[in-house]
Each structure stands twice: as structure tokens, then as C-alpha cells.
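Biologist: I would like to go through this chain with you, fold first and then the links that cross it. Shall we start from the sequence and the coordinates?

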Amino acid sequence: MVQKLLTATFLLMLSGCATTANKTTAQGSDKAESKISMAIGRETGNFKITNAQAVEAPAGYNGMQYTVKTNDGATFKCEILEPSGFGKFATWGMASGADAMCTDFTKGSSDIGKTNNASCNALLKAAGKC
């Protein structure tokens, strides 16, 4: 009986980890917009997220890439890593997300292809993102 109870509990925990579908829309979340704002140096009302898609991420994390258009005509592609349900479970809720890494894709910009290294932390370095 105890073994069945432990098995059922374990399966419930695993099923909770499997439900980490990313529900971020092209508009992004407030958290994503805040991180992007800090990375590109513009207030949240001065840019619009035009596309969002899931990207490859290290185990225990979900990666999202956002295409950002600013009011002054600049274009950026930003990537944000957040802990998945499994990542949170495996670290007892201690896993944290990373800041946005944004690369300038503005045609004619002197900074085209440059990434904001100020946001490059150990997690992003380990993932080979900077």
C-alpha cells in the first residue's frame, strides 16, 4: 500500500513537471518586456514585440526569442531563458531566469550584430549564448 502511494505521488510530481508549455504570446509578458527594456535601453512603451518563438535551451530551462521593433526604427532579437517546471522542481525552486540578451538587427546600424554583453551572466555563458 505504501509503495503504491509513493508511486502515485511520484507520478503526480512528474506530470506536474511535464506541463511546462510556454504560453507567451507575441506581445510578451510584463516580465519579458521589463528584461528587454533593460537590455535595449528603452522604456517599455517605446518598443513592441512583433514575434515570439521557443528556442533551444539548456536542460531545465525554457528559451524564448523575441523580435523587437522600437518606436525609433531599431530592430532587435532578444533571447530570455527561464527555468522550466522541471528546472524549478530539480532545484527546489531556487533556479532563476536570466536577463535578456539582445542583438541589434537594425539595417544600417553601426551596432548591427552586436549583443548587449552587460546582460551576459554565467547561465548564458554556459549555454553558449554569449
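**Fold, pairing and cross-links**

Modeller: The accessible surface of the protein chain is about 8300 Å², and carbon and sulfur atoms hold 56% of it. Keep in mind that this is a predicted model.

Biologist: In what order do the elements of the protein chain run from the N terminus?

Modeller: The chain has four helices and four strands. Read from the N terminus on, the order is α-α-β-β-β-α-β-α.

Biologist: What percentage of the 130 residues in the protein chain is buried?

Modeller: Buried means under 20% relative accessible area. Of the 130 residues in the protein chain, the buried part is 31%.

Biologist: Among contacts with a separation of 6 or more, what share comes from residues 24 or more positions apart?

Modeller: Count the contacts in the protein chain with a separation of 6 or more. Residues 24 or more positions apart supply 43%.

Biologist: How many residues of strand 3 are buried?

Modeller: Strand 3 covers residues 75-83 and is mostly covered. Of its nine residues, the buried ones number seven.

Biologist: Over how many bridges do strand 2 and strand 3 pair?

Modeller: Strand 2 spans residues 61-70. Strand 2 and strand 3 form a hairpin with four residues between them. Their pairing is antiparallel, and the bridges number nine.

Biologist: Which residue in the turn of that hairpin has a positive phi?

Modeller: The turn lies between strand 2 and strand 3. Its phi is about 95°, and the residue is Gly-73.

Biologist: What is the bridge partner of Glu-79 in strand 4?

Modeller: Strand 4, residues 101-104, runs antiparallel to strand 3, with four bridges joining them. In strand 4, the partner of Glu-79 is Met-101.

Biologist: Which cysteines form the disulfide?

Modeller: The count comes to one disulfide. Its S to S distance is 2.1 Å, and it joins Cys-78 to Cys-102.

Biologist: How many residues apart in sequence are the parts that this pair ties together?

Modeller: The link of Cys-78 and Cys-102 is right-handed, with 115° about the S-S bond. Both cysteines are buried. Cys-78 lies in strand 3 and Cys-102 in strand 4, so the separation of the parts in residues is 24.

Biologist: Which strands do the buried residues of helix 2 pack against?

Modeller: Helix 2 spans residues 30-40, and its buried residues are Ala-32, Lys-35, Ile-36, Ser-37, Ala-39 and Ile-40. Just after helix 2, Gly-41 takes a positive phi of about 75°. The buried residues of helix 2 pack against strand 1 (47-55), strand 2, strand 3 and strand 4.

Biologist: Which residues do salt bridges with shared partners join into one network?

Modeller: Lys-31 and Glu-82 meet at 3.5 Å, N to O. Glu-82 also meets Lys-35, at 2.6 Å. Glu-82 lies in strand 3 and Lys-35 in helix 2, so that pair ties together parts that are 47 residues apart in sequence. The network joins Lys-31, Lys-35 and Glu-82.

Biologist: Is Lys-35 buried or exposed?

Modeller: The cut-off for buried is under 20% relative accessible area. Lys-35 has a relative accessible area of 15%, so Lys-35 is buried.

Biologist: How do Arg-42 and Asp-72 count, buried, partly exposed or exposed?

Modeller: Arg-42 has 22% relative accessibility, so Arg-42 counts as partly exposed. Asp-72 has a relative accessible area of 55%, so Asp-72 is exposed.

Biologist: What is the nearest side chain of opposite charge to Asp-104?

Modeller: Asp-104 is in strand 4. Beyond its neighbours within four places in sequence, its contacts include Thr-75, Phe-76 and Lys-114. Asp-104 is buried and has no salt bridge. At 7.1 Å, the nearest side chain of opposite charge is Arg-42.

Methods:
Residues numbered from 1 in each chain as written. Predicted model: local features only at pLDDT ≥ 70, side-chain atom pairs only at ≥ 80, totals over all residues. Heavy atoms only, no water. Buried < 20%, exposed > 50% of the residue type's maximum accessible area, 1.4 Å probe, protein only. Helix = DSSP H or I, 4+ residues; strand = E, 2+ residues; numbered from the N terminus. Pairing = 2+ DSSP bridges. Lys, Arg positive; Asp, Glu negative; His and termini not counted. Salt bridge = Lys/Arg side-chain N within 4 Å of Asp/Glu carboxyl O. Contact = heavy atoms within 4.5 Å. Disulfide = S-S within 2.5 Å. Areas by Shrake-Rupley, 256 points an atom, 1.4 Å probe, with all protein chains shown as cover.
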